Protein chains: 2
Amino acid sequence: MLDEAVRGERVAKSTYEAALPELRVDLLNAQYDLRSAGFATVVVVAGDDRQGANDTVNVLHEWMDSRYLDTTVFRELTQDESERPRFWRTWMALPAKGRTGIWAGGVLRVINHRLDGNINDDDLDAFARHLQRMQAELVADGTLVLKLWFHLPRPEHEKRLKKAKKNPRLGWRVDELDWVVAERLPAATPLIERFLRETELPGAPWYVIDGTSWRSRNLTTGQLLRDAIVGALADEQARDAAPAPEVSPPRPLRRSGRTVLDKIDLGATIDDDAYSRRLALLQAKLYRLSIQARDARVSSVLVFEGNDASGKGGTIRRLTRAMEAGDYKVVPTAAPTAEERRYHYLWRFWRRLPRDGQMAIFDRSWYGRVLVERVEGFATEGEWQRAYDEINDFELQIVEAGDFVAKFWLAISPEEQLARFTARRQTPYKQHKITDEDYRNRERWDHYVTAVDDMVLQTSTDYAPWTLVPANDKRYARITVLETVVAGLQALVPPKKKGKAV
Amino acid sequence: MLDEAVRGERVAKSTYEAALPELRVDLLNAQYDLRSAGFATVVVVAGDDRQGANDTVNVLHEWMDSRYLDTTVFRELTQDESERPRFWRTWMALPAKGRTGIWAGGVLRVINHRLDGNINDDDLDAFARHLQRMQAELVADGTLVLKLWFHLPRPEHEKRLKKAKKNPRLGWRVDELDWVVAERLPAATPLIERFLRETELPGAPWYVIDGTSWRSRNLTTGQLLRDAIVGALADEQARDAAPAPEVSPPRPLRRSGRTVLDKIDLGATIDDDAYSRRLALLQAKLYRLSIQARDARVSSVLVFEGNDASGKGGTIRRLTRAMEAGDYKVVPTAAPTAEERRYHYLWRFWRRLPRDGQMAIFDRSWYGRVLVERVEGFATEGEWQRAYDEINDFELQIVEAGDFVAKFWLAISPEEQLARFTARRQTPYKQHKITDEDYRNRERWDHYVTAVDDMVLQTSTDYAPWTLVPANDKRYARITVLETVVAGLQALVPPKKKGKAV
């Protein structure tokens with residue numbers, strides 16, 4: 001398919017120079033219009049024609065307003081990158097809404113690793129699959145994704161290299177890697193073609209760009225980008241002009257039958273003595289495990305969700321008091337900031353993933369998408385429905401990176417909640433924790449029950465199961481959580497060898 | 001001084017419990033009031049009493065609202081951190097205005113490195129000096145800096161360690177490092193005391209906190225923090241109520257005599273042939289050097305300032321076209337965003353410092369502080385006056401990290417500028433580059449001349465000199481810049497050994 005896409009088309013200098021001024025004005029205008037749009041543009045620049053891909057990035061920088069371009073060249077993983085799940089750096093390279101990201105350098109590198117035997121076919125497939133999922137999530141979120149593969153047939157590669165070698169004014173643009181690519185092309189082509197097929201996506205196809213003539217290459221790229229942005233802007237306008245889509249209403253109050261929450265024994269309790277003993281023991285274990293996890297570079301991601309006033313904060317403090325302050329971060333999740341709203345909803349959580357040996361404790365989390373955003377109608381039905389899969393894939397990537405993931409739902413009864421609200425009003429330093437909104441949320445109790453039920457059913461996976469925690473007795477809840485965390489870490493962290501200093 | 005500060009004061013349980021509720025409400029209120037204030041709070045938590053410092057961080061997290069706390073524990077440098085100047089990570093840990101940052105773990109680590117002989121006295125002094133400067137810059141910017149040193153006398157250290165060893169419910173909180181600290185205390189104390197003296201600062205003194213009794217320690221810390229925030233808020237209110245300070249007016253139009261700009265020969269020019277030859281040669285050299293710089297992990301920071309329409313963008317493109325797209329980033333500097341305004345003005349530039357082997361090209365820069373912000377009155381006279389020193393120290397830190405720094409002022413005549421404005425209006429794809437503001441700026445030409453003169457005189461250092469570039473002939477300017485960059489890189493980048501593949 002690659003060589004077939006190359007027609008050797010050439011563009012005369014006069015044609016090029018005649019077309020250029022209008023194209024550049026178009027591109028700038030498209031870029032300026034994009035600034036106020038509700039979506040971002042990602043241009044993936046890849047290809048066996050390294051020099052062509054590289055030149056194209058430079059040409060786009062020359063033609064467009066670089067103030068609104070975010071260009072990332074993916075090289076070998078840095079320490080910071082290798083300490084997070086594979087696509088962390090890709091998420092961190094996301095442009096904000098209204099901006100254009102240019103991503104270069106990632107794909108050919110992975111293909112090269114396959115040819116060198118550093119990774120196997122399964123690794124390459126996993127890479128393609130996660131990339132495919134990420135693209136799909138971005139496209140579903142409205143991002144314009146334009147994927148360009150710059151190709152030169154092998155004879156053209158060699159012709160160009162020889163010519164460059166002879167000509168000192170061109171020679172400096174050619175390096176060893178270009179020769180390597182040319183030599184490897186026959187072996188790489190089937191891999192490349194499979195990769196391109198596996199990462200095809202409706203709405204975001206690969207365009208193979210003929211690198212034979214730079215004028216043709218530049219014009220094609222510029223026109224593709226212009227047409228894509230102009231088209232996406234028109235689509236957005238059409239959607240805005242259309243009758244407003246039905247807002248996801250506070251839906252099916254309660255399905256018939258029991259929910260997962262009904263299975264929780266809210267009467268579970270623990271007596272004073274047992275609590276004190278267990279707490280001290282578990283905290284001592286957690287302390288040792290957290291030091292061992294740091295040394296073994298095992299990260300943890302803990303998620304706390306639950307009813308208002310279910311005791312998330314107090315439970316988290318029982319964990320953190322048994323750890324060194326530098327080994328964990330508590331990440332409270334409120335409504336997204338203005339900056340965060342300019343990205344996919346998962347972006348702000350990707351950003352907070354812990355580095356090796358660290359623990360991130362999310363006090364509320366990405367599950368807001370399928371809880372408060374669903375119930376309050378902040379997310380459309382389409383958005384929260386597809387969030388289950390998106391979240392499962394997100395967590396899978398964390399687990400695949402060797403991290404520990406635990407998710408807790410702290411459940412209390414409506415009566416217990418009311419009692420706690422009242423008590424909070426009377427405790428001076430807890431008054432800040434209670435607002436009218438908390439009372440309003442109570443009116444939607446049944447909607448939340450349905451949402452929690454769906455959430456647990458759809459996102460309790462073997463690699464990241466939910467732990468449902470009876471929390472009418474706060475102390476019982478704390479012990480349950482500590483036990484789960486300790487057991488989970490014990491399974492992942494190799495025990496310290498004797499004789500080695502802690 | 002350390003042991004003298006320790007009085008072994010104890011607080012009775014009943015006193016503690018009586019004082020706590022009010023203190024916690026006060027702290028929360030202070031924290032909530034801080035949210036709308038125009039400054040940030042930084043709490044430096046350090047000390048030989050590691051457990052005390054660590055517990056204090058946990059206690060602050062328990063008492064305060066963790067949504068508005070940014071806690072950073074500085075450990076050994078990560079790869080990302082070690083690839084930037086020493087204080088990069090400290091700048092990256094800055095809390096935004098309205099927030100509280102807790103910084104722990106840095107100081108004792110450096111002292112330990114000195115004891116281990118990993119660094120010498122000069123290194124320790126340099127660390128103290130830069131820390132001192134950074135503090136001073138933050139305090140001048142309005143940041144509240146509270147520095148706490150938690151101290152235990154050596155007998156108390158050992159008593160505590162032995163007690164902890166015997167008691168399984170406390171023992172898990174003690175590790176080898178605590179023993180090391182206790183043993184080293186006599187050797188470390190003179191170093192610590194010198195360090196504390198060297199980093200004393202009016203407005204941000206060190207408080208030595210007695211770690212003997214945890215109740216006393218907690219109360220003292222909480223009260224200090226509360227009083228500091230409440231005091232700083234009151235100061236801010238008083239300033240706001242006071243008559244507005246005189247706005248820095250468009251000042252001394254022109255000092256008598258010549259300015260540095262008068263020495264530039266704006267008539268300098270280069271003919272077509274020479275230009276083409278030199279350009280090709282210099283770009284070829286730059287290409288090789290940029291690859292070598294990447295391999296040698298030498299970073300570059302280039303600064304472009306100049307009159308409007310002086311050709312900064314075109315010159316930068318002549319550089320970047322001779323480099324791999326992944327080796328450089330062009331950082332255009334516009335008015336700060338809402339997020340950036342919540343930090344010290346240098347923060348957004350610290351953020352963009354390149355990692356090892358990369359080049360950051362600033363299209364306008366931190367010099368905006370002493371140019372547009374001075375001339376337009378966006379910065380007070382005090383602010384832009386102290387910026388010269390701040391900038392010199394900033395650039396010194398970059399150079400000390402082994403990076404190449406070059407700064408270019410592109411100078412054109414007022415007549416040439418007007419001609420270019422007119423031409424831009426007539427070139428379709430350059431119309432975006434010209435606004436009414438550009439014409440307005442021309443009216444302040446003489447003010448800018450004074451500001452540029454002061455800037456060059458005050459910030460042309462031996463380690464980061466200004467290059468004044470005649471730019472009436474754009475091609476002459478491009479060649480001058482390329483020559484300067486090539487010469488600078490050649491001096492820093494070791495030449496490739498023969499026989500090694502590029």
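In chain A, five strands make up an open sheet, ordered 2-3-1-4-5, and the pairing is parallel. (Strands here are DSSP E runs of at least two residues, helices are H or I runs of at least four, and both are numbered from the N terminus; two strands pair if DSSP finds at least two bridges between them.) Strand 2 and strand 5 (206-210) of chain A sit at the edges with a single partner strand each, so one side of each has no neighbour in the sheet. From one strand to the next, the twist averages 20°. For a closer look, take strand 2 of chain A and strand 3 (residues 100-104) of chain A: they run parallel and are joined by five bridges. Leu69(A) is found opposite Thr100(A) in strand 3 of chain A.

A word on what you're looking at: this is a predicted model, where local features need pLDDT of at least 70, side-chain atom pairs count only at pLDDT 80 or more, and totals for chains, interfaces and linings use all residues. Residues are numbered from 1 along each chain as its sequence is written, while chains are lettered from A and ligands numbered from 1 in the order in which they are written.

Now for the two chains.

Where the chains touch, 45 residues of chain A are in contact with 46 residues of chain B, contact meaning C-beta atoms, placed from the backbone, within 7 Å. Elements giving two or more residues to chain A's side include helix 1 (13-34), strand 2 (69-73) and helix 11 (272-296) of chain A. 100% of the interface residues of chain A are also interface residues in chain B, so the copies meet through the same surface.

Finally, in chain B, helix 12 (residues 272-296) packs against helix 20 (residues 474-492) at an angle of about 30°, their axes 9 Å apart (axes are lines fitted to C-alpha atoms over the stretch in contact, and angles run from 0 to 180 degrees between N-to-C directions). That makes the two helices of chain B roughly parallel, a label for angles under 35 degrees. Among the residues meeting there are Leu282(B) of helix 12 and Leu482(B) of helix 20.

Conventions:
Two residues are in contact if their C-beta atoms, placed from the backbone, lie within 7 Å. Angles under 35 degrees count as roughly parallel, over 145 as roughly antiparallel, 65 to 115 as roughly perpendicular and the rest as oblique.
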